[in-house]
Amino acid sequence: MPAAAWATLAVSAVIILFVAVGLLRVILHLRHVRRTLGGVLGGVRVIAERTAPVPVALGSVNANLKPVRDFCESV
C-alpha cells in the first residue's frame, strides 16, 4: 500500500476518534441535563400541589362568616 493510503487511513481514524469522543461528551452532558430537569420537574410538581386553588368549601366558609363581616362593617 502506498504511503498516501496509510496517511489517509491514519487521518481518517484520528477524525473518527475525535468525533466519537465529542459525541460521547454530548451524550454525557445530555444525560446530566435530563437528571437535572427531572429534579426541577419534581420540585415544580410539589409547588403546584402546595399552591393548588382553594377547594369549593370556600363558598360555604364565606357564607358562614357573613355575620362577622357585617358586624365588622357596622363598627
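Buried means under 20% relative accessible area, exposed over 50%, and partly exposed in between, with a 1.4 Å probe and protein chains only. Keep that scale handy for this predicted model, in which local features need pLDDT of at least 70, side-chain atom pairs count only at pLDDT 80 or more, and totals for chains, interfaces and linings use all residues. Residues are numbered from 1 along each chain as its sequence is written, and side-chain values use heavy atoms, leaving out hydrogens and water.

**Overall shape**
- The protein chain has three helices and zero strands, where helices (H or I, at least four residues) and strands (E, at least two) are DSSP runs numbered from the N terminus.
- Its radius of gyration, taken over C-alpha atoms, is 33 Å, well over the 11 Å that the globule rule (2.2 Å times the number of residues to the power 0.38) gives for 75 residues, so the chain is more spread out than a compact globule.
- Along the principal axes, the C-alpha atoms fill a box of roughly 105 × 20 × 10 Å.
- Of the 75 residues, 0% count as buried.

**A nonpolar patch**
- Val33, Leu37, Val40, Leu41 and Val44 make a nonpolar surface patch of about 420 Å²; patch residues have over 30% relative accessible area and no salt bridge, with nonpolar side chains (Val, Leu, Ile, Met, Phe, Trp, Tyr) joined within 5 Å.
- Val40 lies in helix 1 (residues 3-50) and is partly exposed, at 47% relative accessible area.

**The salt bridge**
- The whole structure holds one salt bridge, meaning a side-chain nitrogen of Lys or Arg within 4 Å of a carboxyl oxygen of Asp or Glu.
- Asp70 and Lys66 form this pair at 3.1 Å, N to O.
- Both lie in helix 3 (residues 66-74), four residues apart, about one turn of the helix.

Methods. Patch = residues over 30% accessible without salt bridge, like charges linked within 9 Å, V, L, I, M, F, W, Y side chains within 5 Å. Areas by Shrake-Rupley, 256 points an atom, 1.4 Å probe, with all protein chains shown as cover.
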